[in-house]
Amino acid sequence: MQRIIGLAVATLAFSTLNGVPAVANSATIGDANAFAQGRGVHVHVRVRTFDQGRHGGAPIDVAALLTAARGAPPAICLLASQAVRGWGWGGGSDAPSTPLSPAAVPTTTDDYESDAMPAADIQRLLAGLSSDDGCVRELSVRLIGTQKAELVGGELVTRLGSSDAGLRSIAALGLGLAGVESAVDPLIRTLRDASVDVRANSAWALGRIENGRALKPLTGLFGDDAEKVRLAAVAAVGRMDSTSAVPLLIRVVRQDNSAAVRRVAVWALGNLEAREAVDALSETLAHDADARVREMSAWALGNIEDHRSIPALTAAIRGDTEERVRETAVWSLGNIGDHSAIDILATATGDRSPNVRGTAAWALGQMDEHGTKAPAGLLRLLRDESADTRLKAAWALGELEDAAALPAIRDALKVETNDDVRRGLIRALMKSGESSQTTLTQLLSSSDPQVREAAVRGIAGARSFDPWPWPWPRPRPFP
């Protein structure tokens, strides 16, 4: 019972960390009987998301917080720790090794930087890094990571030389969270550490700091025996603005025996927009045995936007058995925007997956050069069973502005019941040149105020619909 109460205190402390009220959206984590087996305790935990901005609010009692955290069940400690967010990509949630590993820390990516803590509190947190309690170590390093590099960097570097591998690993994590630029050379040295977790966290930290001196040492880890280390090193290199490592990344894509590592290497090539990797990525899209690697390959090709990738993307749309791969390939063709892809995108409107069909509609809307005709498949999507697909089809027809599509749009509007789709159809009517007095009179006389408003906006001008809730494609792979 005492442990559960302590956890509740820790969660509550974090929920008030920023001194600001919670945003309306909150997620309820169902009942936590699983964490209190044998205690006869029924627990209900609520986790809130905060609009934190760049500065924290009221100071917290670090000593009380760490005391409350001791003995907390790991699952609840993870929920509390998500209130402590690091700056930069990932918010620190993607660190290879944390005190509560192998559990993942579900943080958001909002930037956050707390006010400077008193020196006594920082010392408490630094002492907490050596605690025998995983929750205390987790919360200590997360809070340290919110402090300015000059306040905590020296102490963390000192601990990077500890004889305790666990403390070295946590120190590397803290250096990455705090972005301690002066730690680049010590972190490079620990890339040769005997501990897998230390090497992985050091690589991850160097990727967050993004200092070019680390590029060569990081690529030296591409052949490390530990998958965790290779993952961290490849991801770190992918975030550095340098193309010199592209040949080595291509080798990883072609030769690494871990699908997870190949996937992150593919992401790195796409993130670097490496045109010289188009052939390798096309081969991977066609032949890799892992669907998530193929999906990432399709995304990378779309992000690079090289027209040479169109045949490989077309083949994936036609033949890949995985919905996620076909959908991402369709998105990529839309992102590239080459009109030679219209026929295959029209074919994709008949895919068995509503996600693929909807993304195909979006992609066709990207082909909005003057004179583009709406394919028959796009018109059929106005009657699709999926409201999201119908919305994207209506949006696409508004982009194409094809007057020949007006009869199909009018017919769809007569039977459409979804409010968003109806507004999209009215937008498509107006942008496609609707001038029928009968149709306009019906719209303006509608008993539905949203229909009347949309009609007025359309009559006022094609751009009076803005801001329009533009359907954004769903696939957004990330390592």
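**Reading a buried helix**

In helix α5, Gly 134, Cys 135, Val 136, Arg 137, Glu 138, Leu 139, Ser 140, Val 141, Arg 142, Leu 143 and Ile 144 are buried. Keep in mind that this is a predicted model.

User: What does that list tell me about where helix α5 sits?

Analyst: Start with the cut-off: a residue is called buried when its relative accessible area is under 20%. Here 11 of the 11 residues of α5, residues 134-144, are buried, so the helix is largely enclosed by the rest of the structure.

User: Which contact should I look at where α5 starts?

Analyst: Look at Asp 133. One of its side-chain oxygens comes within 2.9 Å of the backbone nitrogen of Cys 135.

User: Okay, and Leu 125: is it buried or exposed?

Analyst: Apply that cut-off again. Leu 125 has a relative accessible area of 0%, so it counts as buried. You'll find Leu 125 in helix α4, which covers residues 119-128.

User: Which residues does Leu 125 touch?

Analyst: Skip residues up to four places away in sequence, and you get Val 62, Leu 66, Met 117, Ser 140, Leu 143 and Ile 144. Take Ile 144: it is 19 residues from Leu 125 along the chain, yet their C-alpha atoms are separated by 6.7 Å.

User: How do I read the predictor's confidence, and where is pLDDT under 50?

Analyst: Begin with the whole chain: the mean pLDDT is 82, and 77% of the residues reach 70 or more. Then check stretches. Residues 1-57 stay under 50, with 109 contacts beyond four places in sequence in the model. Residues 103-113 are also below 50, and that stretch has 42 contacts beyond near neighbours in sequence.

Terms used: Residues numbered from 1 in each chain as written. Predicted model: local features only at pLDDT ≥ 70, side-chain atom pairs only at ≥ 80, totals over all residues. Heavy atoms only, no water. Buried < 20%, exposed > 50% of the residue type's maximum accessible area, 1.4 Å probe, protein only. Helix = DSSP H or I, 4+ residues; strand = E, 2+ residues; numbered from the N terminus. Polar contact = N/O pair within 3.5 Å; in protein donor to acceptor, adjacent residues only side chain to side chain. Contact = heavy atoms within 4.5 Å. pLDDT = per-residue confidence, 0-100.
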